[in-house]
Amino acid sequence: MSEKIYQISSEQVGVVSFSEPWFLAHVEVEGVEPFQIFYPSLDEGIKRFAPFFEEHVINVWKKSGEEGERKIQELKEYVIKEWYDPGVETMRKAMYETYGYPEFKDKTGKELIEDGYDFLAITIGHIAIRYNKFNFYFKDLHISARIVDKFLAVDFWTKAKKDALDELANTVLK
């Protein structure tokens, strides 16, 4: 395979902006290959991060038996103790007031964390994004989150199209 070197001009480089910010998370769990998820909106990230977190973190820990169950309980206790407000309670309020989920009105944040893994996951994302410089650390779990509203892009197509048309124009048919 040959290596290609591109000469690009300043006209080919620019910023692409999204009308709605995208959600990116990078997750590292000891003993598992790091992985990333990328959702085209914050709402989509909130909806789909929880099942992703359960599958790639919680279920991995559960497979390790008693030690994994202990890690899950310690994670819940850590989030409740260290990140109750802000964190657990601010997410509970946002789920009710901002996103309109009525089931978050009457339960406490602690009840929601103990209830399962969905609220735990979105609370961890909330903590990372709003209160902990886009990171969440707990023992051998590290989650890095980003809100992406624009990125740098290179337009290779315009130059490639021009070069192809120039080459075609210079081709002599026999």
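Helices (H or I, at least four residues) and strands (E, at least two) are DSSP runs, numbered from the N terminus, and two strands pair if DSSP finds at least two bridges between them. By that criterion, β3 and β4 pair in the antiparallel sense over four bridges.

## Basis of the values

Residues are numbered from 1 along each chain as its sequence is written, and side-chain values use heavy atoms, with hydrogens and water left out. Because the model is predicted, local features need pLDDT of at least 70 and side-chain atom pairs count only at pLDDT 80 or more, whereas totals for chains, interfaces and linings use all residues.

## The sheet

Four strands form an open sheet with antiparallel pairing, in the order β2-β1-β4-β3. Its edge strands are β2 and β3 (135-138), each of which pairs on one side only. Neighbouring strands of this sheet are turned by 25° against each other on average, direction ignored, where axes are lines fitted to C-alpha atoms, for helices over the stretch in contact, and angles run from 0 to 180 degrees between N-to-C directions.

Strand β1 (residues 13-29) runs antiparallel to β4 (residues 141-154), and 13 bridges join them; S144 in β4 is the bridge partner of H26. Five bridges join β1 to the antiparallel strand β2 (residues 35-39), with F23 opposite Y39 in β2. The hairpin of β1 and β2 has five residues between the strands, and there G31 takes a positive phi near 90°.
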